[in-house]
Each structure stands twice: as C-alpha cells, then as structure tokens.
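Let's take a friendly walk through this structure. Have the viewer open and follow along.

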Amino acid sequence: MKFLRDIVDKFKPTFSEGGKLSFLHSTFDALETFLFVPNHTTHSGGHIRDGIDLKRTMFIVVIALLPALMFGMWNLGYQFHRATGMEVSLFENFWYGMIQTLPIIIVSYGVGLGIEMAFAQFKGHPVNEGFLVTGLLIPMVMPADVPLWMVGLATAFAVVIGKEVFGGTGMNLLNPALTARMFLYIGYTPEMSGDKCWVPIADGVATMDGYSGATTLGNVGVASSNGTPWSDSLLSWGTSISDSIMGTIPGSIAETSVIAILLGAVILIVTGVGSWKIMLSTIIGALFMGGVLNLAGGNAWYDMPAWYHLVIGGFMFGTVFMTTDPVSAAQTERGKWIYGFFIGLLTVLIRVYNPGYPEGIMMAILLMNVFAPLIDYRVIQSNIKKRLNRVKA
Amino acid sequence: MSTEVIEKVEVKKETEALFSKKRKSLVSNPMDSDNPITIQVLGICSALAVTIALQGTLIMAFAVMFVVMMANVVISALRNTIPNRIRIIVQLVVVATLVATVDQTLRAFAYEQSKALSVFVGLIITNCIVMGRLEAFAMGNKPWDSLLDGFGNSLGYAWIIIAIAFVRELLGAGKLFGFQVLDKAWYTANGFFATPAAACIILGVIIWILRARSGYVED
C-alpha cells in the first residue's frame with residue numbers, strides 16, 4: 001500500500017493544476033480514488049458524511065451481480081456440452097463459458113470507459129463510477145453469440161445517447177444497459193432473438209437429437225400460435241420449470257438462474273442499495289396481470305400459470321437489477337410501488353399480446369423509466385394537496 | 001423567434017436592390033441560425049415520417065418548397081385584402097389548394113413515389129412551417145420578400161430532412177438512392193435506423209452539433 005501511495009503522490013503534481021499533464025487530471029483522479037479512499041472534505045457547514053459513496057454503492061451492485069454472472073458462465077458451457085452430447089466436469093463447463101463471455105465484458109468496459117473518460121476530459125468533470133455497473137450489466141443481458149462489434153456499438157450508443165447527452169451519470173432518463181440491449185434488439189433482430197444466438201455452436205458441429213436452443217419464451221410463443229397447450233411447450237429440450245428456476249436453460253448470459261439472481265437480490269436488499277419495494281411491486285404487478293389472463297383463458301400464453309412468468313425469460317434479472325437502478329427508477333416511496341407494479345403488469349401484457357417481442361420486461365422497464373418522473377411529480381403533488389387540506393381543516 | 005417582421009424601408013428609399021443584404025439574409029438565416037427544424041423545432045412530424053430513403057425525402061422536400069413559396073407569395077399579395085378575423089381560414093384554403101395540386105401531380109407522374117409517401121404529402125397542409133411562415137412573414141411583407149423567405153425556410157427544412165434520410169438510408173439499408181453502396185458482404189443493415197425513432201435521435205444529434213457550434217441556448 002505504501003508503495004502505491006508513494007507512486008501516486010510522486011505523479012500527483014504533474015497532473016494537478018499547473019502541472020505538465022494537468023489536462024488529464026480527471027483521469028488521474030479516477031485512478032487515484034479507485035486505489036484509495038477519497039480524501040475530499042466538505043468546505044463549509046456541518047455535514048455528516050457517510051462512508052458510502054458512489055464508488056462503494058456501485059461495488060456492492062457488482063458483488064450482487066457476481067453469482068448470476070458466474071452461474072451464467074457455467075450454464076453457457078453446460079448448454080454447449082449438453083447440446084453436443086459431451087460429458088465434462090463443472091470446471092470445464094465454467095471455463096468454456098468464461099472464454100465466451102470475457103471478450104464481451106472487455107469490449108463493453110473498454111468502449112464504455114473510453115467514452116466516459118473522453119467526455120469527462122472534454123468537459124473537465126471528474127470521471128464517474130456510473131459505468132462500473134453498466135459495463136457489467138451490458139454483457140450480462142446479451143446473448144452469448146452476439147458479435148463483439150455489436151457490443152461495442154451498442155455500448156457506445158447507450159453511453160452517448162442514453163447517458164452523456166442528458167448530462168452523464170445520475171442524469172440519464174433511461175437505464176443505459178437496457179438502452180444498449182434495445183438498440184441491438186431493434187437494430188439487429190436476427191442476431192438478438194430466435195433459437196440460434198443463445199448458445200454459440202459453430203457451423204457443422206453436430207448437435208444432439210431433440211436439441212432446439214429455443215428459450216421458454218420462444219416455446220410458449222410458438223405454442224400459443226399453434227394452439228397447443230402451454231404444458232407441452234415446457235416439455236421440450238431443457239425448459240422445464242425446475243430447470244428455469246435453477247437456470248439450466250438457454251437465455252441471455254446471466255438472466256437464466258432465478259436462484260443466483262435472488263442471491264444477488266438478498267445482497268442488494270440487505271445493504272439497502274436496491275429497493276425491495278420496487279422488486280416486490282414488480283412481482284405483484286406480473287402476478288396480477290397473469291392472474292387476470294388466467295381467468296380469461298384462450299391460448300398457451302393465457303393459460304400458463306401466472307407465477308411461471310416470474311421464472312421464465314429475463315423477468316427476475318430485470319426485476320432485481322434493472323428496475324432498481326436508482327437513477328432511472330421512481331424516487332418517491334409511493335411512486336416506487338406504482339412504478340414497479342406497472343413494470344410487472346406491462347411485462348406480462350407485452351409477452352402475451354405481442355408475439356413479435358417475446359422479452360417484455362426490457363420494454364416495460366424502458367417505458368416506465370420514461371414515466372418515472374411523472375409518477376414522482378404526481379405523488380409529490382398529491383402529498384402537498386393532502387397536507388394543505390390538513391392545514392385548512 | 002419566428003414572429004419577426006422585416007420593417008419596410010420603402011418610405012425612405014424608392015427601390016431596394018433585388019438581392020440586397022437584408023434579402024440575402026432572408027434566405028441564409030433559415031439555413032442555420034433560424035432554421036425551422038433545429039431552432040424553431042417545427043415540421044418534426046414529417047421529418048420523422050418520410051426520411052427512410054433519400055428519393056422520397058427529396059420529393060417531399062420539393063413538394064414542401066413549392067407549397068411554402070407559392071403560399072407565401074399568394075398570401076403576401078392578398079395580405080391587405082384579407083380580413084384579420086378570417087385570415088387563418090383564407091390561408092388554409094390557399095395552402096390546401098396548393099397541396100392538392102402537388103398531390104395530384106405526384107399521383108399522375110410519380111405514382112410509385114406518391115404511394116410510398118402515402119398521406120404525408122397531403123399532410124403538408126398541417127406542416128407547421130407552412131402556416132408559421134404565412135402568419136409570421138407573408139402577412140406583413142411584400143411578395144418578393146415573401147418568396148425569398150419561403151425559399152430560405154423550405155431550403156432550411158430540406159437540408160435537414162435530406163441529412164437525416166442520408167444517414168437513415170445509408171445505415172438502415174446500406175443504400176443511397178436505392179443503390180447498394182455498403183456491400184452486404186461486410187455490412188449488416190441496422191434495422192434501428194429504419195424506424196422513425198432513429199430519425200428522432202439523428203435529428204437530436206444534428207441539433208446538438210449545430211447548437212454546440214453556434215452556442216445557441218434555449219431560454
């Protein structure tokens with residue numbers, strides 16, 4: 001530690017005001033505060049400073065993401081070896097998935113941090129830590145077979161159009177990770193959906209009989225348009241409900257395992273970083289809408305028990321890590337309930353009514369991101385009204 | 001911004017040069033510092049709807065140019081005889097006549113393009129730029145000035161939508177004017193740029209660049 005401190009101190013004057021490289025000071029700051037606790041002190045007034053700053057908050061989220069990511073890597077290897085009919089050890093599965101996933105993570109961080117630093121330099125702001133989580137979330141919601149240049153393009157789009165134009169970290173209207181995914185989903189639909197993109201299998205590699213690679217969402221969608229019952233669609237290759245809960249199903253890299261994601265949810269809730277109100281209300285919203293559709297009945301989508309919506313597709317991942325994004329979510333306590341409830345409701349609605357877009361949670365969250373400020377405004381206004389009435393009475 | 005009336009100097013001077021400095025600015029201002037789309041943010045609806053390919057966009061640009069210029073001249077010529085209380089309806093009648101002319105001409109001579117542009121030619125009637133120029137300029141200025149003003153504003157509108165269409169057709173299909181310019185062998189067409197949402201974002205980026213350059217800040 002002393003050694004590092006000495007190095008940092010040695011170079012500090014070069015980057016401080018008047019130094020030779022002072023124009024790079026925000027990059028230097030970012031590095032220094034990454035290595036050491038920031039020594040900024042408030043200049044006036046009696047402020048109580050909490051030990052938890054943006055960097056630590058972001059770090060907790062990264063820790064919460066790790067179980068899902070680790071499981072996702074293992075699952076990728078598991079899916080591949082199962083499809084090609086090979087029996088391999090746990091470690092080999094994990095290794096295979098890691099080799100597939102790491103380049104995506106590196107590209108996401110490289111492009112995103114590069115752009116963030118360039119903007120910070122240009123505007124003379126300090127570099128923000130906001131991208132630490134976004135940069136990991138982007139690869140986690142990608143299909144494993146996505147070309148790397150697409151990841152780079154989507155990251156650049158999300159950081160510049162989704163975040164920097166609004167003023168950078170903390171000012172963005174939309175969740176940047178979902179903006180990146182949405183950009184690819186609309187722009188390159190064939191590479192982002194269907195049954196080929198989830199598990200990378202090279203051309204010519206033989207797969208087992210019965211292997212399809214389709215997700216549960218895809219299967220139920222097919223069943224509903226064919227008029228077959230929903231239960232049949234879950235019997236096909238590796239998409240039973242217990243598989244869905246465990247996570248041994250095809251899907252975006254880290255979205256599959258409900259258990260690993262709930263582990264992350266516990267970390268977020270215990271540390272108070274993620275709002276349990278939003279998570280709970282999202283689940284309530286999905287169950288409510290699913291229940292209403294169950295009563296209506298009709299095709300496979302309507303008949304599927306409401307709680308299945310919670311474990312298939314990206315619902316859990318979105319609920320735990322995307323809806324709780326403190327920037328783009330509703331801020332007021334009552335607003336959080338409304339915000340989450342409508343995300344859940346819209347997710348099920350989009351899944352069932354729009355066969356073109358099987359993954360409803362992505363769109364539901366982005367849509368409610370846009371409405372979050374309005375929700376907050378109404379909540380605050382109604383509170384003011386209530387209190388005014390109390391004064392009058 | 002859009003309600004300026006050029007004060008006439010005819011009292012002092014008998015004749016003003018056909019292309020005096022002030023008259024040149026009638027054409028050049030709307031190209032940049034007083035652009036109907038990027039500064040006044042008018043006519044957005046058609047800028048998003050018709051910009052998927054350059055060819056249709058170009059036709060749309062000419063159609064708007066014709067309507068704005070002619071309407072400006074006609075209303076400017078009639079301006080002293082139009083009763084103030086019914087001026088909007090008079091303007092609408094003139095604009096609707098011109099738009100119907102354009103629409104029918106396109107149907108007669110460029111049927112395919114007319115079909116591709118569908119209702120948006122007819123919707124030039126509701127393009128805010130047309131009514132905006134009539135209200136803000138033609139009602140208070142002479143026909144020649146109004147013609148120049150109409151020309152400038154429609155050109156300002158045209159270059160923005162052509163720029164948007166250029167980006168959208170190039171990235172969305174790898175084509176320009178229908179010709180494949182980006183080889184399909186290495187270029188994957190980005191479907192996002194084929195959606196009107198992309199036009200909204202490209203327009204935003206154009207506004208961003210122009211305002212960063214000019215330092216214009218919204219009040």
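Leaving aside its neighbours within four places in sequence, which residues is B:Ala71 in contact with? The partners of B:Ala71 are B:Val94, B:Val95, B:Leu98, B:Val130 and B:Leu134.

## The model and its scores

Keep in mind that you are looking at a predicted model. Its scores are ipTM 0.78 and pTM 0.83. For chain B, the average pLDDT is 84, and 93% of the residues score at least 70.

As background, nonpolar side chains tend to be buried together in soluble globular proteins.

## Two domains in chain A

Now turn to how chain A is divided. Domain 1 covers 10-35 + 56-199 + 250-257, and domain 2 covers 274-384. Taken over C-alpha atoms, the centres of domain 1 and domain 2 of chain A are separated by 24 Å. Their contact takes 16 residues from domain 1 of chain A and 12 residues from domain 2 of chain A.

On the domain 1 side of this contact, the elements of chain A that give two or more residues are helix 3 (54-83) and helix 7. By residue type, the domain 1 side divides into 10 nonpolar, four polar and two charged.

## Where the chains meet

Seven residues from chain A and seven residues from chain B make up the contact between the chains. Helix 7 (residues 176-187) of chain A provides the largest share of the chain A side, three residues. The chain A side has five nonpolar and two polar residues, and no charged ones.

## A helix in chain B

Finally, have a look at helix 7 (residues 143-173) of chain B, which has 31 residues. From its first C-alpha to its last, helix 7 of chain B reaches 43 Å, close to the 45 Å expected at 1.5 Å a residue. Just after this helix comes B:Gly174, which takes a positive phi of about 75°.

Notes:
Residues are numbered from 1 along each chain as its sequence is written. Chains are lettered from A and ligands numbered from 1 in the order in which they are written. This is a predicted model: local features need pLDDT of at least 70, side-chain atom pairs count only at pLDDT 80 or more; totals for chains, interfaces and linings use all residues. Two residues are in contact if their C-beta atoms, placed from the backbone, lie within 7 Å. Helices (H or I, at least four residues) and strands (E, at least two) are DSSP runs, numbered from the N terminus. Ala, Val, Leu, Ile, Met, Phe, Trp, Tyr, Cys and Pro count as nonpolar, Asp, Glu, Lys and Arg as charged, and the others, Gly among them, as polar. Domain bounds come from an automatic or database domain assignment. The expected span of a helix is 1.5 Å times one less than its number of residues. pLDDT is the predictor's confidence in each residue, from 0 to 100.
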